[in-house]
Amino acid sequence: MGAGEGRVLLHSNDDHNFVSMEEGFADRELSVMNSSTPLNHVYVKISNDSKINNISVSKGSIDPTDVAMKPPRLVSLDVFRGLTVALMVLVDHVGGIIPAINHSPWDGVTRADFVMPFFLFIVGVALALVYKKLPCRVDATKKAVLRALKLFLFGVVLQVGYLHRINDLTFGVDILQIRLMGTLQRIAIAYLLTAVCEIWLTRDDVVKSGRSMLKKYKFQWIFVLVLTVTYTALLYGLHVADWEYRIPSENSSFSSNIMSVKCGVRGVTGPACNAVGMIDRKLLGVQHLYKRPTYARTKECSMSSPDNGPLPPNAPSWCQAPFDPEGILSSVMAIVTCMMGLHFGHVIVHFKDHKDRILSWTMPAAGLVIAGFILDFCGIHLNKALYSFSYTCVTVGAAGILLVGIYVMVDVLGFRKPALVFEWMGKHALVIYILAACNVLPVLLQGFYWEKPENNFLKLLGIGQT
């Protein structure tokens with residue numbers, strides 16, 4: 001180091017980047033070392049008496065000091081989240097018109113069936129970054145519980161029918177018929193349990209390789225294994241007895257028709273007699289489940305399958321029965337999806353080289369996709385409503401591959417302009433989802449009308465009733 005020059009080591013607590021400050025230069029110049037440099041060292045040349053992150057650096061203050069610096073934001077995470085929200089809104093508003101982007105009636109997957117797993121996956125990735133530095137585990141747990149509770153209650157209010165459907169100009173909730181589960185509720189549950197695992201089930205080992213990373217988080221993987229085994233055992237081991245439900249009569253609001261469904265089986269994954277629906281009926285009550293299940297569009301239940309249509313002659317008795325696609329048992333595998341996203345987030349935390357990250361993502365992602373299709377071929381069918389193990393593998397693997405593609409395009413090659421819209425949507429994902437997917441914006445637009453409520457902006461846009 002020459003005369004009149006100083007050197008200060010700035011350490012980023014957030015992303016383990018190291019920055020060296022050298023005085024004695026008339027200009028500021030940021031020189032990022034190549035990817036082969038350990039820990040992505042960055043050298044910053046500055047003039048005397050300059051500031052970094054509002055901290056003065058001068059000749060008299062060049063003792064080695066640790067200073068917190070904000071790491072560069074991974075744009076690919078915002079783009080991934082924004083793309084997922086855009087697909088979610090598209091499915092909610094156009095899926096009923098275009099079957100190709102509507103949910104599969106039962107077995108099999110469509111484009112729409114990847115939306116929920118993608119969102120859960122990116123929640124897990126983000127949690128790895130949020131909780132990589134924990135001053136206090138108890139405080140972090142309290143905040144996680146509070147956030148999850150807010151999100152769950154938000155989902156109950158927005159998704160149980162308080163605002164009703166777009167063409168229904170009434171509001172309010174019938175407590176006896178309120179839907180307890182939903183998209184935001186499932187995200188809240190997965191977020192909470194994944195956050196608790198990240199806070200409490202992490203060892204203090206130093207990560208130097210993929211194997212040491214697995215060792216550091218081995219208790220989290222044990223938790224994933226327990227969830228998967230529990231789900232599989234309940235799905236294929238529980239005996240599903242006969243059950244019944246009520247259909248309100250068209251002639252009178254005070255009478256109803258009782259429909260009986262014959263089961264008496266075990267290990268069946270069809271719409272009528274699966275353990276997922278049975279657990280929800282027992283614990284939540286059939287009246288609190290989703291009233292418009294996807295299996296109403298199967299060939300057995302719709303003459304216009306895969307679209308909604310009139311019941312065929314001699315349609316099965318279960319065709320009009322409620323079934324919650326975000327139920328209790330199926331949410332177990334949703335948690336697994338979030339936990340796998342957490343693993344992908346750990347790669348970001350512990351590996352700084354682009355090549356290491358891409359390889360650590362691509363290999364398990366491709367393996368999961370292959371494993372999922374093998375399971376489907378062996379009889380464990382891809383099924384979103386049941387959130388089957390094969391469905392979990394395929395969707396998580398697809399999410400990992402998509403993340404790699406976006407990461408290479410945006411963060412490695414720097415092509416941000418084509419993804420600016422999705423990046424913006426990703427930074428405001430919750431607000432956009434509430435306004436669009438939860439029908440808050442359409443309902444607000446209905447508040448402005450002329451002469452009578454039916455003449456509103458939605459009708460002008462061709463969305464409302466004609």
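This is a predicted model: local features need pLDDT of at least 70, side-chain atom pairs count only at pLDDT 80 or more; totals for chains, interfaces and linings use all residues.
User: What does the numbering rest on, and which atoms and residues count?

Analyst: Residues are numbered from 1 along each chain as its sequence is written.

User: How many helices and strands does the protein chain have, and what makes a run a helix or a strand?

Analyst: The protein chain has 14 helices and 10 strands.

User: Why are α8 and α10 called roughly parallel?

Analyst: Helix α8 (residues 328–350) and helix α10 (residues 389–412) pack at an angle of about 30°, with their axes 10 Å apart. The axes are lines fitted to C-alpha atoms, for helices over the stretch in contact, and angles run from 0 to 180 degrees between N-to-C directions. Angles under 35 degrees count as roughly parallel, over 145 as roughly antiparallel, 65 to 115 as roughly perpendicular and the rest as oblique. The pair α8 and α10 is therefore roughly parallel.

User: What is the handedness of the crossing of α8 and α10?

Analyst: The crossing is right-handed. That term applies if the near helix is turned clockwise from the far one by less than a right angle, and left-handed if anticlockwise.

User: Which residues make up the contact of α8 with α10, and of what classes are they?

Analyst: From α8 come M333, V336, T337, M340 and F344, and from α10 come F389, T392, V396, G400 and L403. Contact means heavy atoms within 4.5 Å. The residues of this contact divide into seven nonpolar, three polar and no charged. Ala, Val, Leu, Ile, Met, Phe, Trp, Tyr, Cys and Pro count as nonpolar, Asp, Glu, Lys and Arg as charged, and the others, Gly among them, as polar.

User: At what angle do α7 and α8 cross, and which residues meet?

Analyst: The axes of helix α7 (residues 275–283) and α8 come within 7 Å and cross at roughly 120°. A275, V276, I279, D280 and L283 of α7 meet I328, L329 and S330 of α8. By class, this contact has six nonpolar, one polar and one charged residues.

User: How do you know whether F80 is buried or exposed?

Analyst: Buried means under 20% relative accessible area, exposed over 50%, and partly exposed in between (1.4 Å probe, protein chains only). F80 has 0% relative accessibility, so F80 counts as buried. F80 is found in helix α1 (residues 75–94). Not counting residues up to four places away in sequence, F80 touches F118, F121, I122, A399, L402, L403 and I406. The C-alpha atoms of F80 and E423 are separated by 7.8 Å, although the two are 343 residues apart along the chain.

User: Why does T392 count as buried, and what does T392 touch?

Analyst: T392 lies in helix α10. Its relative accessibility is 0%, and T392 therefore counts as buried. Leaving aside neighbours within four places in sequence, T392 is in contact with M333, V336, T337 and Y387.

User: What makes L235 buried, and which residues are in contact with L235?

Analyst: L235, in helix α6 (residues 218–237), has a relative accessible area of 2% and is therefore buried. Beyond its neighbours within four places in sequence, L235 is in contact with G267, T269, A275, V276 and L329.

User: How much of the protein chain counts as buried?

Analyst: Of its 466 residues, 45% count as buried.

How values were computed:
Side-chain values use heavy atoms; hydrogens and water are left out. Helices (H or I, at least four residues) and strands (E, at least two) are DSSP runs, numbered from the N terminus.
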